[in-house]
Amino acid sequence: MSKQVQARRLEGIDKNPWVEFSQLANENEAVNLGQGFPDFAPPEFSTEAFRQAVTRDIMLNQYTRGYGHPPLVKVLAQFFGKLLKQDIDPLKDVLVTVGAYGALFYAFQALVDEGDEVILIEPYFDCYEPMTKMAGGRPVFVSLKPPPSDDGKMISSDDWKLDPDELASKFTPRTKAIVINSPNNPLGKVFSKEELELIANLCKKHDVLCFSDEVYQWLVYDEKKHISIASLPGMWERTLTIGSAGKTFSVTGWKVGWVLGPNYLMKHLRTVHQNSLYHCPTQTQEAVSSSFSRELRLFGDPDSYFVQLPKDVQKRRDHMMNSLQTIGMRPIVPQGTYFLMADISSFKKKMPNLPGSEGEAYDSRFIKWMIKNKGLVAIPVSAFCSSEQKEHFENYIRFCFMKNDSTLKAMDDKLQQWKKELEA
Ligand SMILES: Cc1ncc(COP(=O)(O)O)c(C=O)c1O
């Protein structure tokens, strides 16, 4: 074809770290600590609900309501109404999507216009940048920064902060939205009430929307508390709160997500939905609605999955942090999510010239080397920032600790071998 094949909005967004590193992991039969999914069983009540959804009622094999299966939107409205202290209309303020990815895509497509600026906080979940661009928007970046002095002590994700003046300077008359992700992937930072208030006040002052990606809201450690920005005064009116059943019930393959917000915003997301996918699978929505109904009954109870899960995962986090330190990596203690970022500066000093393509960031070269030589897969943190900031993030790699005991044991075996080689 002599005409340009691809639409211009796809230019410059064709690279994707998941495709590249998942393929490398498979080719090398390495222990995959890269992509974020659990390799252990989801809760029995969720898989049983799915079994029931497949066998109980033949009509669950058919389309359901386009904007969300009625029992699911109802329980989401009840559950999140309680959390956000908001009267949520299940039919107008809730939309079910294909994963949180779907919710994010609808938010950008429905509300970001040609030339609008969207503030992204680095490091960020990588799809925010291409989704802004595909909608015709312009990403504007602001970085979370580690503490200035490094006295060799353990650093936590809490120690990484936004500079309030720098953040304020990013809001302009063209700013349409800011994307926040708490707990944050890849850093694991859980934004404090003060940090959320700072962002909320800027949104209100400059009349800006907030896309709040809260997919890891139940995965919070060290007695930290997750706060939804929509629960702060004056923020429900300008916030879209995005969640994922995949992360909530450890069923990432089900791809059920949702977005909650005021009807004057949601009606535009419904327009995108009705003109693109229109329906999401019925049976998984039914299973997610049963799972949420159980959690609503057990709200705050020790038997609640949302109470038990973080306790279990925190042990896996601590296990991985201890193991990585044995070879000289310095993990940043994450207060939330499935992930931790590990500082690889000491390796960069010892082996600065790893092979790679021209301009390839150090973390990416390091991981390719690590996969081939040490049999471990992680994801480069430079994939989670703008090209201008790559040099500030290329000393970190991201590991996923949402893994079963045998995967963690396989990791330990590889790290022990690595340690022996370092000592030889
Ligand atoms: C921060 C964040 N948002 C959204 C998603 C997408 O979630 P889903 O699998 O429900 O589409 C992910 C998945 O890794 C994520 O880490």
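How many helices and strands does the secondary structure of the protein chain come to? After that, where is the place of Gln217, is Gln217 buried or exposed, and which residues does Gln217 touch?

Analyst: This is a predicted model. The secondary structure of the protein chain comes to 15 helices and 13 strands. The radius of gyration is 22 Å, close to the 22 Å that the globule rule gives for 424 residues, so the protein chain is as compact as a globular protein of that length. Along the principal axes, the C-alpha atoms fill a box of roughly 65 × 55 × 50 Å.

Of the contacts in the protein chain with a separation of 6 or more, 73% are between residues 24 or more positions apart. Of the 424 residues, 55% count as buried.

Now to the single part. Gln217 is in a loop, the one between β6 (209-213) and β7 (239-244). The relative accessible area of Gln217 is 8%, so Gln217 is buried. Leaving aside residues up to four places away in sequence, Gln217 touches Phe80, Leu83, Pro183 and His226. In short, Gln217 is a loop residue that is buried and that touches Phe80 and Leu83, among others.

How values were computed
Residues are numbered from 1 along each chain as its sequence is written. This is a predicted model: local features need pLDDT of at least 70, side-chain atom pairs count only at pLDDT 80 or more; totals for chains, interfaces and linings use all residues. Side-chain values use heavy atoms; hydrogens and water are left out. Helices (H or I, at least four residues) and strands (E, at least two) are DSSP runs, numbered from the N terminus. The radius of gyration is taken over C-alpha atoms; the globule rule is 2.2 Å times the number of residues to the power 0.38. Buried means under 20% relative accessible area, exposed over 50%, partly exposed in between (1.4 Å probe, protein chains only). Contact means heavy atoms within 4.5 Å.
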